[in-house]
Amino acid sequence: MPPTDNQGSFLNRISIRRNQVVYEHEVEDLEQFQKHVADRLSELFHPPEDSTAGEPQESLLSIAWFRKLLDAFLCCEAEFKAVVIMGRDANNFSKSPLDRLIPEHLDRTMKALDICNAITHGIGLLQHWQKLAQIAVDSLRQKPIGEGHVMRAKKALNTLLSSIAIDDKENHHHTKSTTSSKDHTTIGNLKSLSYPFAKSWSASKQIQAMSSNLATPRGGEPTGLVVPVYLMSSVLVFVMWAMVAAIPCQERAGLAAHLQLSKQFPWAQPMIGLQEKIGEQWKKKEKKGRSGLLEETQRLEKLGSNLVEFAEGFKFPVEAEKAEEVAAMVEDMGEICRRMEDGLEALHMQVRELFNRIVRSRAETLDVLDQVNKMTTPVPY
Amino acid sequence: MADLNLPPPDQHDEQSDSSSSINDQTHREKLFQNIDQFISLLTNLDQSESSSPPEITESVTAFADLFDVLIVEYESGSKKWIHLEEHESSRFLEFVDRTTNVLKSFSRFHSDQNYAAVINRLSGIQQRAMSILEVEFKSILDDYQTSYDRDQKGKTDEAKTKQKQLSSSASNVHEAPQPELQDQSESQLEEDEFLGYSDEMISNLNKLAKGLISGGHESECTELYFFVRRNAMEENLKLRRFDKFSIDEMQKMQWDPIEKEVSSWTHMFKQFCTSLLPSERRLADAVFNDEKAISNKLFTSLTRIVLLIFLSFAEAVMLTKRSAEKLFKYLDIYETLRDTIPEIEKLISDEGLHQLKSSASLINTMLGESIYNIFLELETSIKTDASKTPVPGGAVHPITRYAMNYLKYACEYSNTLEQIFREHKRIVRPESEFGSDSGSELEHQHSQSNEMSPFQSQLLKIMDLLDANLETKSKLYKDPSLSLIFMMNNGRYILQKTKGTGEIRTLLGDPWVRKRSSDLRIYHTNYKRETWTRLLQCLSHDGLSVNGKVMKPVLKERFKSFNAMFDEIHRTQVTWVVSDEQLQSELRVSISAIVIPAYRSFMGRFSQVFTPGRQTEKYIKYQPEDIETCIEELFDGRTSQQSKKRRRFIMINGSLVNETPPQETYLHSSESDTSLPSIKNIKISLSIHSFNQFPQISPLNSQNPKCFINSTILHQHICYHLFNQE
C-alpha cells in the first residue's frame, strides 16, 4: 500500500530521508543504464579501430556483427530488468503513463518473439545456401578444374542464386508439382521452403506494429522510468528491424519506412547512424529477391554469379591467369562458408536465447505488475 | 556443355552392334580388372618419386568411352533407373565407384597434361552420371504419400476389404479371396513402415544414395533428401489442418478457438511422436543403411524442424494471458510434452536435440508457473470475494459450485498437479513449506500426518477458505434459520462433490470428510432449534390449566399464535431451497418427527375445549395431516413459479430488496449435473452492468450446448460477476 498519510513523525522523516538517498541512487542507476546502452551501440556503429588486421569480419551487417548486436541487446535487456523492473515498488507501474507504457513494451516483446521465430527460419535457409556454396567451393578447389567440377559447381551455384532470387510471393506455395522438373541446371529444384507462419504474416508489418505506437517521451514526463522504457523498446525495435533487413524473412516490403527513432537522446545517435547506413543499402536491395543485407549473403551472391559466369565460358584447360583469379574467388567463398558454418549456428542459438530471455522477462515483469493488480482489484476470471 | 561430351559416333555404333551380352560382360570385367590394376599401381607408387608418372593405359580411355555410352542411354531417356534389372543398376554403380577411384588416384599427377586431360573428361562423365542419379533419387523420393493420404486411402481400402468380405461370403465358400486379403493387409503394413515407399523404392533409393555418396555427391544427396522429407512432413501437417499461429495472433484470439486448436494439437503431436517420427527414422535408416552418421544427421534435422513447429504452437498458447479457464488445456499441453519428449529422445541421440529439449522445458516451466499461479489466484479470488448479495432461498452459492466443479476437473490431473506443485513450491515459496501461512485448525490436524504434499495442502487451504467465505456469506441472511439452511446446502454440495470424485476424496482424507459430516449434523440441529423450538413452545401444556381447568382465553391465544407462527414459517420456508433431495427429505422427516406428535398430543388434549363449529374452525386451523402436508412443501424453492408476485419476492429476500441494484435481471441457470439432483431454478441476481463488463457472458453464449468446460465457464462468468460486484 502506498504511504499516503505522512504524519510528520520522526520515523516518517527518517524514511523520507532514506527514500531520498534511494532515489538518488536510482537516478544514478538509470543514467548509468542509458550511458551503457549508448556505449554499446556506438561500439557497433564505430567498431574499435585497434582490432587486428586479421579480423575484419565484424563489418556492418556481417554475422559477427549481428552476434555483437544481439550480445549488446541481451546486456541492455538484463540491465533494464535489473534497474527498471525488478525490486521496484510495484505501485510505480500502476500510475500513468507507465501503466500504459509497460504493457505496450511487453506487447512489443511479444511481437519480437514472432520475428525471432521468422529469423530462426531464415537462418535455416542461410545454412542451406551455405551448403550449396560449399559444394561449389569443394568442387572448384579440385586440380585441375575439369569440366565435371565446373558443371557441378555451376549447378550448385545456380540453385543458390535462384533460391536467393525467388520472390517471396511466388515462393509461398510449395507443392509436389516441382516433381516433374527434369531441370539439370539446379539441384532438384530445391528452391522452396515454406514459411513458419500463415501466408498473410509480414515481417515488415510486424515491425511497423512494434514501432507505430512508440512515441517519444515529452520533456515533462513525471517519472524517471519513462525514458528507460522508451529506450528499451527502441533498441528492441531497432534490433528486430536490422535482423529482418539482413536475414531472409517473410514479406519485407516497405521495411525501411517502419523505424522512426527520436533524435533527442544521446543513446539514439548511434542507432540513427546505423539506421541510415542500413536504410541506404536496403533501398538498393529491396526489390531483389529475398537475400537480405547480410554481408555474407551479398558476397555469396556476387561471387556466385562471377563463378557462374566463369563456368559458362569454361574451356579446358583453364589459363593460368584465369585459374588464379578463380582460385582467389573460390578461397573467398570458402572463407565465407567457413564463417557461415560457425557463425550461423551460434547466431541461431543466440536468437533462441533472446527468445527465452524475452519470455522469462515478460513473466517476471507480469509478476511485478500482478502484485499491483492483486492489491487494487480483485482477480478477474 | 553436354554436347562436348557426346561420344564419338563410331563408338556408339559399336555399342549397339554388340548384341552378345556375354561378350560384353567379359569385356567389361577385363576392363575393370585392368583399371583396378592401374589404380593400385598408381597408389603404390613411391610418394617421394617426383619423376614423370607412368603412361596411362588404354583401358582408361576405353573405360571412359564405355561409361559415356552408358550414360547417354539414360540421358536420352531410353533407359530408366526404376526399370533396371538388378545387375544393370549394380553395373552403373560399379562404374561410378571406379571413376571416383580413378579420379582420386590421378589427382596426384594433375600437373601432367595427359593426366589432367583424363581428369577433365572423367570428371565430366562422372558429373553427368551424378545428375542422373540425383534426378532418379529425387523422383523416387518425391513419390511419397503423406500419412494423411495413407489414412484416407486406408479408409477406402478398409471399405473395399469389407465389401470384398461381404461379397465373398455372400457368393460362395471358395477359398480363393483369402490370400488376396492377406496380401493387402501386409502391404498396408509395409506402407506404414516406410511412409508410402514400397520395398522396391526403398532398395532403389538405397542404391542411388550409395552411388551419389561414392561419387562424392553426399551434399547434394542429403540436401535432396532433407528437402523432400521436410516438405512431406509439413504437407502432412497442412493436410491435417494444423494451423500455424503467430504468437501475436494468438494473443488476440479468443480462448474458445484456441482451446479447440489445443485439442487437435495434442492429438497430432502424440501421433507425430509415436507413429510418424519412428517411421521417418526407419526410412532414413533404410535409405542410408551403411551411413549411420548421415541418417542420424538427417533425421535429427527433420525432427528438429517439425518439432519446432509443434513447440511454437505450445509457446504461443503458453504466452496467452493467464486465466482460470485455461488451466485444463495448459495441463494437457504440459502432460503431452512431459510424456512425449522422452519418446523422441529415444529416437535421437544427438546434440541437435539440446535446443529442442531446452525449448520444451522452457514451455513446461512457464506452463507450470501459470498453472501454479492459477491455483494461487483461485485462492485469492475466494479469499477476496465479498459479494453482498445472498443467494435467494439459501441455495448453493455459485462460488461453491464454481470452486467444486473446478477442483473436480482439476483433480483429474492430480498427479501432474502434485508434480507441478512440488517443483514450484520449492522454487517460488520455500517459506510456506514451514507452514508460515496461518493454517486453520483443520490444516493443522492434517499436517499432523506430516505427509501432506504441497498440492494437498493447497487444496485443503482452498477448502478452508471456501468454508470461511461461506460462513461470512451466511451472515448476510437476516434469518438465522436461513443462514443454517444455506450452510447445509453448501456443505452438502461440497461433501457430495468430494465423495463423488475419487481424487478429491483421497486428497482431502477421511478426517476432513468426517469433520464435514459432523458440521452438517450440527447445522441441522441448530436449524431445528432455531425455527421449531419456539413453535413447539406454543404447544406446551404448561400454564394452560389452572386447578385442572383449561383457561380458554390462553388456549385461544396459544392456537392463534401457533397458527400465525406456523403460517409464517410455511410461507417463508416453502420458498427456501434445498437442492439435495436426500437432505430435503431428511429435514422434512426430522421436522415432522418433532412437530406432528407434539401437535397431535396438544390437539388431543385441548381441541374439545372449543365448542364445535365456528369456534373450532376459528382456532383449529390445521389438522395434524395438514401440518404434515405443509411440512412436505417446505424447501421447494417456490419463488420461481410465483416470481411475478413481487410481494413474495420481497419477503423472501428480506434484506435483499434494498441492496439490489436498480436494474436487475434474473438468470435462469438450469444446471444439468447428473451426479446430483438438480436444482430446478436457481435465481442469481446479476446486475446488467456486469454483462457489460464481461461481454462473453451474453445469454447466447451460455446457452451454447457444450461439454463440461462450458458449464465451468458459465460458473466462472457468474462468479466473475460475484467476485467483482464490490
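The expected span of a helix is taken as 1.5 Å times one less than its number of residues. In this predicted model, helix 8 of chain B, which covers residues 199–214 and so has 16 residues, reaches 22 Å from its first C-alpha to its last, close to the 22 Å expected on that basis. Buried positions within helix 8 of chain B comprise Asn204(B), Leu205(B), Lys207(B), Leu208(B), Ala209(B), Lys210(B), Gly211(B), Leu212(B) and Ile213(B). These buried residues pack against four helices of chain B, namely helix 4 (86–106), helix 5 (113–141), helix 9 (218–239) and helix 11 (255–287). After helix 8 of chain B comes Gly216(B), which has a positive phi, near 85 degrees.

Helix 11 of chain B also packs with helix 13 (residues 327–347) of chain B, the two axes coming within 10 Å and crossing at roughly 5 degrees. Since an angle under 35 degrees counts as roughly parallel, helix 11 of chain B and helix 13 of chain B are therefore assigned to that class. On the side of helix 11 of chain B, the contact is made by Glu259(B), Val262(B), Thr266(B), Phe269(B), Lys270(B), Cys273(B), Thr274(B), Leu277(B), Pro278(B) and Arg281(B), while helix 13 of chain B contributes Lys329(B), Asp332(B), Ile333(B), Thr336(B), Thr340(B), Glu343(B), Ile344(B) and Leu347(B). Classified by residue type, this contact of helix 11 with helix 13 of chain B contains 8 nonpolar, 4 polar and 6 charged residues.

A further helix pair in chain B is formed by helix 21 (residues 510–538) and helix 23 (residues 581–606), whose axes lie 11 Å apart at an angle of about 10 degrees. Helix 21 of chain B and helix 23 of chain B are therefore likewise roughly parallel to each other. Here Lys528(B), Trp532(B) and Leu536(B) of helix 21 of chain B meet Ser590(B), Ile591(B), Ile594(B), Val595(B) and Ala598(B) of helix 23 of chain B. The residues of this contact divide into 6 nonpolar, 1 polar and 1 charged.

Turning to chain A, the secondary structure consists of 10 helices and 0 strands. Of the 381 residues in chain A, 40% are buried. Among the contacts in chain A with a separation of 6 or more, 83% join residues 24 or more positions apart.

The largest nonpolar core has 239 residues, and those with the most contacts inside it are Ala136(A), Met240(A), Met243(A), Val244(A), Phe137(B) and Ile371(B). Helix 3 (residues 98–140) of chain A supplies the largest share of this core, 20 residues. Apart from this core lies another, of 5 residues, including Phe559(B), Phe562(B), Ile569(B) and Tyr619(B). When residues up to four places away in sequence are not counted, Val244(A) touches Ile115(A), Ala203(A), Ile207(A), Cys249(A), Arg252(A) and Leu255(A). In soluble globular proteins, nonpolar side chains tend to be buried together.

Helix 3 of chain A also holds Leu132(A). Leu132(A) and Leu161(A), 29 residues apart in sequence, are separated by 9.7 Å in space, C-alpha to C-alpha.

How values were computed. Residues numbered from 1 in each chain as written. Chains lettered and ligands numbered in written order. Predicted model: local features only at pLDDT ≥ 70, side-chain atom pairs only at ≥ 80, totals over all residues. Axes fitted to C-alpha atoms, helices over the stretch in contact; angles between N-to-C directions. Helix = DSSP H or I, 4+ residues; strand = E, 2+ residues; numbered from the N terminus. Parallel < 35°, antiparallel > 145°, perpendicular 65-115°, else oblique. Contact = placed C-beta atoms within 7 Å. Nonpolar A, V, L, I, M, F, W, Y, C, P; charged D, E, K, R; others polar. Buried ≥ 20, exposed ≤ 12 C-beta atoms within 10 Å, placed from the backbone. Core = buried A, V, L, I, M, F, W, Y, C linked by C-beta atoms within 7 Å.
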